[in-house]
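User: I'm new to this one. Could you take a close look at the place where the chains meet and walk me through it?

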Amino acid sequence: MASLKQLALREEERPRFTGGHSLCAGCGIPTIVRTVLDSIPGPVVAVNATGCLEVATTRFPFTAWGVPWLHVAFENAAAVASGVEAAYRSMVNRGKLSGERVTIVVFAGDGGTYDIGLQALSGALERGHRFLYVCYDNEAYMNTGIQRSGATPFAASTTTSPVGSVGRGKAETRKDLTAIVVAHHIPYAAQASTSHWQDLSVKVERAVAQEGPSFLNVLSTCPPGWGHEARDGARLARLAVESRYWPLFEVVEGHYRLTHYPAHPTALVEWLEMQKRFAHLRGIESVDLESMIEREIMSQWQELERRTQESRSWFEERESESA
Amino acid sequence: MAKTMLGVEVLTGGEATAHAMRQIRPDVVPVYPITPQTPIIQTFSRFVADGKVDTVLLQVESEHSAMSAAVGAALAGGRTMTATASQGLALMVEIIYIAAGLRAPIVMAVGNRALSAPINIHGDHSDGMLARDSGAVQIFAENAQEAYDLMVMAPRVAEHPAVLLPVLVGQDGFSVTHSAENVALLRDEEVQDFVGPYEIPYPLLGERPSSQGLFAMPDAYYEIKVRQVQALEAAEQVFADVARAYALRFGRHLGAIDAYRMEDAERAIVLIGSTAGTAKDVVDELRERGEKVGLVVLRLFRPFPHKVLADALGGVQRVAVLDRAAAPGTFPPLFADIRAGYSGSAELRSYVYGLGGRDTAPQDIEKVFAELERPAHGGIRYLGLTGEDQHGES
């Protein structure tokens, strides 16, 4: 487990993602990218789907990337990474590369992962390439101006699910992408948040040590998309976890484990009321919407607790074996 | 030269293409099955399973991902080939454009097939025309031998430092992909030696980190695009050089065009692909009757060899351009290209033929030559239609 000091030292020695890019103040993406890249030992090739990260970090002729970086399109980052991994494998087999372990890491937003990139992701997971896929999940198409995605939560207002005389925000609940990924029986999948950087860093270390695909779904705050103050980004990320809206857990070979239990869970309303996308919930008619969100997240939390309980002995046996 | 030949085998175009791929030994082949490309990838998969080639074969979940993985592999530093047809090529088109923009030298075998709807698995060139303006080099083979030879030539065109673009090698669905004929294969080591090692300027798995696929605003996009256009233009000379090198070494010359009995021709047909076989027979027959007719078979479609073609048409008075694809609402692609770049004195006429695998018989070709003796019809004529549609023209 790397300490914050160690991560900072690594960043100083080999800057993999530098400043000067145009991501917003309060955006969670750069924190995710830096923590992920600084937690990976050895060489990295990054593959990026179209989105905020790509647009804001690689305006020609500039780049914020200190590692080899490739962007092809929106919906195909997992397929592109498959190709890079296949080339690596082939070139090592043929003695064209030394065999030093290179980690291939994908960064894609929720639009490029939950929606348009889902098929490419599913195919790559099924084929078992050794790569880490990081979804920075800010819960809508932010780069194109805040349109609803499969990751947008129920009732959230976006430019394509606006609140109006009839509209009450997004009418559907979000897709459980992590569960879909887990259904591919990959070695490692997890959810993380920028607020719990060490939890994220440890998960990255575990993910890249696998011999097959690994997946991280990381919640990313978005000041313009969520309607929050830039200075509240870190606080919002924490409240998402502490309210159990965004539970931190990992799934190792199909076995679930919650990696953080809020000691004093905060009320969901505290998280909701800091974001303009949920402002309409304060209206008289909206009480019901709020309790619907609450019901959804509580049932999700209880399910994770149940699965964690079921897997407890599996993790204990594994840890006693390795001890 | 004969000593370099392994001997003649009876192979389909698809099988011959798979042999070329085995001999080239690409690092990565991402691919998705589609008729009539399947014989290529089935044969190649068999070679991999039998240990005859050690390529990493990626059986991806769509052609879109096949092309995407190909871009990743090619830019990572591995020689990469794929194969597709029809709807599969349609699905790849977005990424073919990007591959050209990212200067990824991927070689693609195409079993040219009609596009839906109605769904149809047989040969025409509509799919290839989707990639017409992608920035990729596009070559068409007449038969299995040419499909093989052009595949062996393709990596040297694609990977040339002045080019660095994808190359599509087309062969007509079924009439070439599935038809067995005599094919002279080269020795494996001859192919390896001819193709040489794969080298690109900035492999992602190389020593120097690079960012590829950046976002370019109006201040930079235009210059980048024009350089890409110039690279495709440069491919004409590179193709000619590679064809010459291939001919010197192996005795078969496959230039940008195949001018057949054009020396003193007064009437000529220009077309692409397997119908050339039928057309050559008709030319021979008419020549025996003393008619001054000839044929130009276009192999290099992108970049378009305007000058080479104009030279071949030198003394011709009337030319029928036969397109195996339509361009609804305007003149079909081959005709439009020739007319745009041709300043000679010959009169050009437009025909469409063979859509969805409709057979083109010797009589159809004879009819075209006969019509070339008569005054111009104007518009577009549709060869080989049946019933009430047969007089269709626009």
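Analyst: Let's start with the contact itself: chain A puts in 39 residues and chain B 37 residues, where two residues are in contact if their C-beta atoms, placed from the backbone, lie within 7 Å. A word on the ground rules: this is a predicted model, in which local features need pLDDT of at least 70 and side-chain atom pairs count only at pLDDT 80 or more, while totals for chains, interfaces and linings use all residues. Residues are numbered from 1 along each chain as its sequence is written, and chains are lettered from A and ligands numbered from 1 in the order in which they are written.

On chain A, the side touching chain B gets at least two residues from each of β1 (44-48), α3 (52-57), β2 (69-71), α4 (77-93) and α6 (118-127). Helices here are DSSP runs of H or I with at least four residues, strands are E runs of at least two, and both are numbered from the N terminus. The largest share, 13 residues, comes from α4(A). Sorted by class, this side of chain A has 23 nonpolar, twelve polar and four charged residues. For that sorting, Ala, Val, Leu, Ile, Met, Phe, Trp, Tyr, Cys and Pro count as nonpolar, Asp, Glu, Lys and Arg as charged, and the others, Gly among them, as polar.

β2(A) runs parallel to β9 (residues 211-212) of chain B, and two bridges join them; strands pair if DSSP finds at least two bridges between them. Within that pairing, A:Leu70 has B:Gln212 of β9(B) as its bridge partner.
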